[in-house]
Amino acid sequence: MITAENLTKRFGAHTAVDNVSFVARPGQVTGFLGPNGAGKSTTMRMIMGLDRPTSGHTTVNGRPFASHRDPMTQAGALLDAKAAHPGRRAVDHLRLLAATNSIPDRRVAEVLELTGLTDVARRRIGGFSLGMHQRLGIAATMLGDPQVLIFDEPVNGLDPEGVHWVRGFARARAAEGRTVFISSHLMSEMAQTADHIIVLGKGRVLADAPLKDFLRAAENPTVRVRVSDATVLGSLLSADGVTITQTAADSLEVAGMPSHLIARTAAHEGLELHELTPLSVSLEEAYLALTDEATEYRSAA
Amino acid sequence: MTTTLAAPAARTTTVTARTGFASMMKAEWISLTSLRGNTISLIVGALLVIAPAAGFAFLYGKDLQDAGGDLTAVPWVPTIAQLSGQGIMFAIAVAALVGAASVAKEHSTGSLRTQLTAAPRRFTLIAAKATVVAATVFVSAVVLLGLAFLAAFAVGSLYGLETGIDNPFFGLILPILGGGVFSAAVAVFALGLGAMLRSETWAVTLSLVVLYVLPVLIMTVPWPWAHDVYDALLFNTGASIASPIDSFTGDYVVDLVITLAWAGVAFFGGAAVMNRKDA
């Protein structure tokens, strides 16, 4: 389990992470979503002890990560797939990391097998493709068979096969009972991988909810209704959980009620319907709306 | 407000792990020996230490041979022990390269950050790195200086140079061990600079400036204290402990302590920067 409590990180006058608190739980893939510059990577680096928080703190399995005597069995993190010496062979890179925690070399062979890198184990890392770098980084995270896995944008730049493999890998590890914490700037990606989503924007937590809540919001769109008497229909549709906004004399926007029920009510009262349009909001649009104000870098177009 | 969250029942891991100084030393040994650049440095270092010893033995021996073996007919002939230490100035340059790269190159490639995600205790990491680099450079330098002596001895014998050593301990063994300490101290000095500057280029440049340029600059300064400073510079104290002596003196001990202090100050400076800064 990962916890962050009131975590803040400032670089000079710039606040990269602003009073962030959350929990990532075992048995789930927790998606850490946000636009570029939202503070996702900085937060992950603070969890792993690479960056020091300005205030607040994080724990991995109940303690600060650096205080564990067996760090590799507690957490494995892939924060930058390219962060390896290009002149070193893949197997030596893994042997070196394993040795830091007294993990035997046979485990190196196991993680190479797990990530499909056995055939290239003796090649120098400098000649690796991005996909192979990602697999090597994931292999390193698995050396200690850890409780917690942290992946920062693991599918960036991967081909479809690679993306599919990473998704499956993350889901399988969470199914084993591990805490899997993955960052991405793509809602579509998280929708296919995560059970729970934390949305970060300009260093702040904008949303922290199960994926199904996001899906429900996207599946129950607002319906635009143009009708002969909007006031009468509005009063007829009033009910718990239904939000009605009259936008013109003959027009309403109804949230929380499916289109067929609105049509049935209008027909029952003899009201003449002129338009019944679901204002569909995709998951991506819901996310963009949420992070619109919190986007750090945007194009002029 | 602080909230304490109870960790749920954890799954059982199949791997036993434990980090500490010994495991970090093993990792640093793999780190050092798994790079082709370090093997090349060792080969280049071997050439630069052994070749001058053999080469100068040949030049002085040829000079003596041309003079018909008459020692009074040549201006000066160094001893075999002096000839075998000719390559120490190259050995320390290679040691500076290896020391600086062991931290700065690992930092610039991101490898150091990956290592810190596996073993996050920074002082343990840099201490293990310095220990392994120092031990490796010391052993390499001692072996190469020993081989350099054998080369100078073999070539000098061919050309009739005096090969006897009056006091083998003070005249040969101690200078070789001193050369090893000097090389190891330079490696740790460069490692500390590498940790402070986080740049291999700047760490190597500054190390070479301190070793080779600073003594020349200090000697040109007209003030009286410049001579004392000159005596305390790393190149001079290191060269002193790597030279043949007649017996132990207070000056020898002072030179040894100052040589180690140069390495110690740079190491703790580098460790402090590494500890304080974000990785």
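Colleague: Leaving aside neighbours within four places in sequence, which residues is V188(B) in contact with?
Modeller: This is a predicted model. V188(B) is among the residues with the most contacts inside the largest nonpolar core. Leaving aside its neighbours within four places in sequence, its contacts are G99(B), A130(B), V133(B), A134(B), A263(B), A266(B) and F267(B).

Colleague: What percentage of the residues of chain B count as buried?
Modeller: Among contacts in chain B with a separation of 6 or more, 83% come from residues 24 or more positions apart. To count as buried, a residue needs 20 or more other C-beta atoms within 10 Å of its own. Of the 279 residues of chain B, the buried share is 46%.

Colleague: Which helix supplies the largest share of the side of chain B that touches chain A?
Modeller: The contact takes 47 residues from chain A and 38 residues from chain B. On the chain B side, α1 (21-33), α2 (36-66) and α5 (111-118) each supply at least two residues. By class, this side has 15 nonpolar, 15 polar and 8 charged residues. The largest share, 7 residues, comes from α5(B).

Colleague: What distance separates the centres of domain 1 and domain 2 of chain A?
Modeller: The domain assignment places domain 1 of chain A at 2-209 and domain 2 at 222-279. Taken over C-alpha atoms, their centres are separated by 48 Å.

Colleague: Which strands stand at the edges of the sheet in chain A?
Modeller: The sheet is open, with 3 strands in the order β2-β1-β4 and antiparallel pairing. The twist averages 20° from one strand to the next. Each edge strand has a single partner, so one side of it is left without a neighbour in the sheet. These edge strands are β2 (14-24) and β4 (55-60) of chain A.

Colleague: Which residue in β4(A) stands opposite A4(A)?
Modeller: Strand β1 (residues 2-11) of chain A runs antiparallel to β4(A), and 5 bridges join them. Helix α1 (residues 40-47) of chain A lies across β1, β2 and β4 of chain A, at about 115° to β1(A). In β4(A), the residue opposite A4(A) is T58(A).

Colleague: Is S102(A) buried or partly exposed?
Modeller: S102(A) is not a glycine, yet has a positive phi of about 55°. Its place is the loop between α3 (90-100) and α4 (105-114) of chain A. With 18 other C-beta atoms within 10 Å, S102(A) is partly exposed.

Technical notes:
Residues are numbered from 1 along each chain as its sequence is written. Chains are lettered from A and ligands numbered from 1 in the order in which they are written. This is a predicted model: local features need pLDDT of at least 70, side-chain atom pairs count only at pLDDT 80 or more; totals for chains, interfaces and linings use all residues. Domain bounds come from an automatic or database domain assignment. Two residues are in contact if their C-beta atoms, placed from the backbone, lie within 7 Å. Helices (H or I, at least four residues) and strands (E, at least two) are DSSP runs, numbered from the N terminus. Ala, Val, Leu, Ile, Met, Phe, Trp, Tyr, Cys and Pro count as nonpolar, Asp, Glu, Lys and Arg as charged, and the others, Gly among them, as polar. A nonpolar core is a set of buried Ala, Val, Leu, Ile, Met, Phe, Trp, Tyr and Cys residues joined through C-beta atoms within 7 Å. A residue is buried if 20 or more other C-beta atoms lie within 10 Å of its own, exposed if 12 or fewer, and partly exposed in between; C-beta atoms are placed from the backbone. Two strands pair if DSSP finds at least two bridges between them. Axes are lines fitted to C-alpha atoms, for helices over the stretch in contact, and angles run from 0 to 180 degrees between N-to-C directions.
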